[in-house]
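Take a look at the fold below.

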Amino acid sequence: MARAERSFKTAAIILKRRDFGEADRLLTILTPAHGKQDVIAKGARKLTSQKMGHVELFTCAEMLIHTGRDLGVVAQAEMIMPFNALREDLTRGAYAAYCVELVDRFTGDGEDDTNRLFNLTRETLERIDQEADPRLAVRFFEVHLLDVSGFRPELQFCAASREPLLPQDQVFSYSEGGVICPQHAPAYAGATVPMPMQTLKLLRMLQRSRYDSIRETGFPNGLIDDAERLMNGYLTYLLERRLQSVEFLRRLRREGISITSSRPSPNTGSQ
Ligand SMILES: [Zn+2]
């Protein structure tokens, strides 16, 4: 993919960081307007490097990136938000790792319009860094990541019939991506998980309300953990399906089957 600009300045969140060559690091960064990218931070592993502190995992930095033929090179990095607790506290670090892994796996390399995802990720890391109990922040993140990625779960209408849901216990279907009412649930038997009314209430609020007002409402931890189980199941289902489609494409390629060859091209159609 050719990039017109030779260098650009951008805010960047460091999603992944691994050693590269003798002294460099390869970073996977998320930016507001340049998508997700792999970039090289040269000399970042030398203790004397001025860049060292600026390319820590989970930090948000202002970067000047020179675009090369393959990978961009970080020419300057200035820390904006260090989020120290994410590296010093094991539990917070685990939550942060979970969130950035989801960002990484739900974001394709060619996507440029990542402004909403960038803001969501930055705000979430800040909440995990600061709040006494980051669980609600992580649930808010999951629901909005699904929204940004095009998998917004249907929580207002029955995913089978599109009828408004009544205030009662329902089920959730991963394959339909939404709640199914008791009337239509039997048709999906074995492929759904329970969706109690209180869990649905929390998920709806996560989807539609501002984070601060959800926090003020105050939900019991047991309910937040129920929402976690449900969202984890749905996220895992989506990622496995995505992996399967990637594996399917690989298999087609291995077997030398062209995906487009099965369709008649516009020029050879019946005329
Ligand atoms: Zn229904």
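This is a predicted model. Start at Asp 19, whose bridge partner in S2 is Arg 25. Now widen the view to the two strands. Strand S1 covers residues 7–20, and strand S2 covers residues 24–30. They run antiparallel, and seven bridges join them.

Next, step back to the whole sheet. Five strands close into a barrel.

Now find helix H2, at residues 90–106. H2 lies across S1 and S2. Its direction makes an angle of about 110° with S1.

How far apart are the end C-alpha atoms of H2? They are 24 Å apart. H2 has 17 residues, so at 1.5 Å a residue it should span 24 Å, and the two values agree.

Which residues of H2 are buried? They are Arg 92, Tyr 95, Ala 96, Cys 99, Val 100, Val 103 and Phe 106. These residues cover an arc of only 135° around the axis, so they sit on the same side of H2. Turn to the face that points away from this buried side. There you find the exposed residues Leu 90 and Thr 91.

What do the buried residues of H2 pack against? Their partners include the strands S1 and S2. They also pack against three helices: H1 (85–88), H3 (115–130) and H4 (135–148).

Technical notes. Residues are numbered from 1 along each chain as its sequence is written. This is a predicted model: local features need pLDDT of at least 70, side-chain atom pairs count only at pLDDT 80 or more; totals for chains, interfaces and linings use all residues. Two strands pair if DSSP finds at least two bridges between them. Helices (H or I, at least four residues) and strands (E, at least two) are DSSP runs, numbered from the N terminus. Two residues are in contact if their C-beta atoms, placed from the backbone, lie within 7 Å. Axes are lines fitted to C-alpha atoms, for helices over the stretch in contact, and angles run from 0 to 180 degrees between N-to-C directions. The expected span of a helix is 1.5 Å times one less than its number of residues. A residue is buried if 20 or more other C-beta atoms lie within 10 Å of its own, exposed if 12 or fewer, and partly exposed in between; C-beta atoms are placed from the backbone. The arc is that of the directions from the helix axis to the C-beta atoms.
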